[in-house]
Amino acid sequence: MLLSVFWALALSVFATALPVGKFEPKSPAFFLAGDSTTARDGGWGDGFLATLIAPAWGVNIGHSGATTASFVVGGDWANVTSHLKDNADKYDCYVTISFGHNDQKPENGVPFDVYQANLIKFANEVKSLGGTPLLTSSLTRRTFDTDNDHNATDSLHNERLAAIAAAEATNSTVVDLNAASLEYVNAIGKDAAWEYNYGEDKADKTHLNEWGTVVFGRLVADLIIREKPDLGRWITPNETMSHELSHGLPA
């Protein structure tokens, strides 16, 4: 009886002596790898990062004009992996991987099978360094058929399938931005989608103006929460915009 009381007291003292927060999960860090549709000044990346709640944080490493090949050759992928190596022990690290707009252009010399293999390599390397890859299919272009203002051209269909296949091959998460953004711009139509176009004349239907960065950054945030609900605590909610996005209303 006395021995039981002793151990009960000892365990109680041990429990109260544990430092507060010792078993709290690590806050997330996001490193964004991609082309100009992710990059600053024209992409969704900064819009997504703006939703993060400190101490969650992130870095936009997107590079305008990048393919999965040039991103490596130019040193951008080394920048991603360096961030992983420096932070994986302190943060729950995620890497969005979003390419395709430039890989699909023949003049850039990246055959489809090489593009597919590069996505798989990226995902595997992120995992090997203690991070979580988020294979993010490409943001849709906002180019519509001349006779239908609610039918944007599905010009990145194969690249979307490549992202999904890479995720399946590496047991990784898909953030299906291509499908979600295509569905959204089709719902709101050509005129409303035009408001997100880049440039003073809004003629650039691939890249995003400042408001488009906010809107599609929100879409990425909502898609990530859908796939990784535990990350919701680190992302500032915007119920109005999320409702508009999910119900096909202009944001």
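Let me begin with a definition: a salt bridge is a side-chain nitrogen of Lys or Arg within 4 Å of a carboxyl oxygen of Asp or Glu. In general, side chains of opposite charge can pair when their charged atoms come close.

Two remarks on the source are in order. This is a predicted model, in which local features need pLDDT of at least 70 and side-chain atom pairs count only at pLDDT 80 or more, while totals for chains, interfaces and linings use all residues. Residues are numbered from 1 along each chain as its sequence is written, and side-chain values use heavy atoms, with hydrogens and water left out.

The structure holds 5 salt bridges, and I shall present some of them. K202 and E195 are joined by one, at 2.7 Å from N to O. How accessible are these partners? K202 is partly exposed at 22% relative accessibility, and E195 is partly exposed at 41%. Here buried means under 20% relative accessible area, exposed over 50%, and partly exposed in between, with a 1.4 Å probe and protein chains only.

Another salt bridge links D89 and K90, whose closest N and O atoms lie 3.5 Å apart. D89 is exposed, at 60%, whereas K90 is partly exposed, at 44%.

Finally, R218 pairs with D222 at 3.1 Å, N to O. Both belong to helix 8, residues 210–227, and are 4 residues apart, about one turn of the helix; helices are DSSP runs of H or I with at least four residues, numbered from the N terminus. R218 is buried, with a relative accessible area of 5%.

Methods. Helix = DSSP H or I, 4+ residues; strand = E, 2+ residues; numbered from the N terminus.
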